[in-house]
Amino acid sequence: MNCDNERLVTLLAKSAQGDRHSFACLYQQTSAAVYGMCVHLLRSTDEAQDVLQETYIQVWHHAGEYHADRGTPITWMMSIGRYRCLDALRRRRHHVDFETVEAIQTSEEPGPMQETDAQLDRQRLSDCLKGLDERYRATIEMAYFRGFTHQELALAMDQPLGTTKSLVRRGLSVLRRCLGS
């Protein structure tokens with residue numbers, strides 16, 4: 001056992017007894033290596049910092065379980081860190097960021113709720129149109145569903161332009177009241 005390993009074993013043993021200063025020294029001497037491994041595995045410095053913290057919390061709580069015959073202290077701590085990284089990677093796989101999913105799945109197409117609302121609106125409009133006087137309904141359907149201008153409507157219905165405009169305006173007014181109720 002080299003000098004560094006002996007020192008780390010001693011620091012671990014003292015940490016197991018609750019010596020915070022020894023734990024701080026252990027952290028100072030080993031955290032860079034553990035952190036580097038975490039960054040390498042996770043490809044995220046933020047997540048690596050979180051895993052590093054989890055690793056040293058586990059080292060603090062389980063320092064008394066270290067056995068020198070199973071490996072060096074740094075190997076033992078790296079093993080703990082590696083398992084915490086694997087846990088983080090598993091969480092990442094199961095974590096669904098709903099804002100990201102929503103942004104990705106935003107579509108220009110109407111969704112089922114919008115389709116249902118549109119269907120209900122169409123049904124209400126159809127019901128209200130059926131309830132209109134025939135003169136109003138014919139002028140509104142020709143103007144808004146077939147694209148006739150007021151001039152073309154007047155010619156098609158053989159009416160003066162002013163009468164046609166009045167029929168459209170009154171028909172729309174009746175339709176608005178029906179849809180508003």
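Visitor: Which residues does Ser31 touch, leaving out those up to four places away in sequence?
Guide: Ser31 touches Leu26, Leu52 and Tyr56. Keep in mind that this is a predicted model.

Visitor: And where is Ser31 found?
Guide: Ser31 is part of helix H2, which covers residues 20-42.

Visitor: Is Ser31 buried or exposed?
Guide: Ser31 is buried, because its relative accessible area is 13% and the cut-off for buried is under 20%.

Visitor: What about Asn5, buried or exposed?
Guide: Asn5 counts as buried, at 14% relative accessibility. Asn5 sits in helix H1, residues 3-16.

Visitor: What does Asn5 touch?
Guide: Thr72 and Pro73, if residues up to four places away in sequence are not counted.

Visitor: How much of the whole protein is buried?
Guide: Of its 181 residues, 27% count as buried. The protein exposes about 12,500 Å², and carbon and sulfur atoms supply 52% of that area.

Visitor: New topic. How many helices and strands are there?
Guide: There are 9 helices and 0 strands. Read from the N terminus, the order of elements is α-α-α-α-α-α-α-α-α.

Visitor: What does the protein span along its principal axes?
Guide: The C-alpha trace spans about 110 × 30 × 25 Å. The radius of gyration is 38 Å, whereas a compact globule of 181 residues would have one near 16 Å.

Visitor: What share of the contacts is between residues 24 or more positions apart?
Guide: Counting contacts with a separation of 6 or more, such residues account for 56%.

Visitor: How far apart are Gly131 and Arg177?
Guide: In sequence they are 46 residues apart, and in space they are 12 Å apart, C-alpha to C-alpha. Gly131 lies in helix H6, residues 112-131. Gly131 is exposed, with a relative accessible area of 66%.

Visitor: Charges next. How many positive and negative side chains are there?
Guide: There are 22 positive and 24 negative side chains. The centres of the two sets lie 5 Å apart.

Visitor: Last one. What is the mean pLDDT?
Guide: The mean pLDDT of the protein is 87, and 91% of the residues reach 70 or more.

Visitor: Which elements have the lowest and highest mean pLDDT?
Guide: Helix H5, residues 98-105, has the lowest, at 60. Helix H3, residues 45-62, has the highest, at 95.

Visitor: What should I do where pLDDT is low?
Guide: There, the predicted coordinates should not be read in detail.

Note on methods:
Residues numbered from 1 in each chain as written. Predicted model: local features only at pLDDT ≥ 70, side-chain atom pairs only at ≥ 80, totals over all residues. Heavy atoms only, no water. Helix = DSSP H or I, 4+ residues; strand = E, 2+ residues; numbered from the N terminus. Rg over C-alpha atoms; globule rule 2.2 N^0.38 Å. Buried < 20%, exposed > 50% of the residue type's maximum accessible area, 1.4 Å probe, protein only. Contact = heavy atoms within 4.5 Å. Areas by Shrake-Rupley, 256 points an atom, 1.4 Å probe, with all protein chains shown as cover. Lys, Arg positive; Asp, Glu negative; His and termini not counted. Charge placed at Lys NZ, Arg CZ, Asp CG, Glu CD. pLDDT = per-residue confidence, 0-100.
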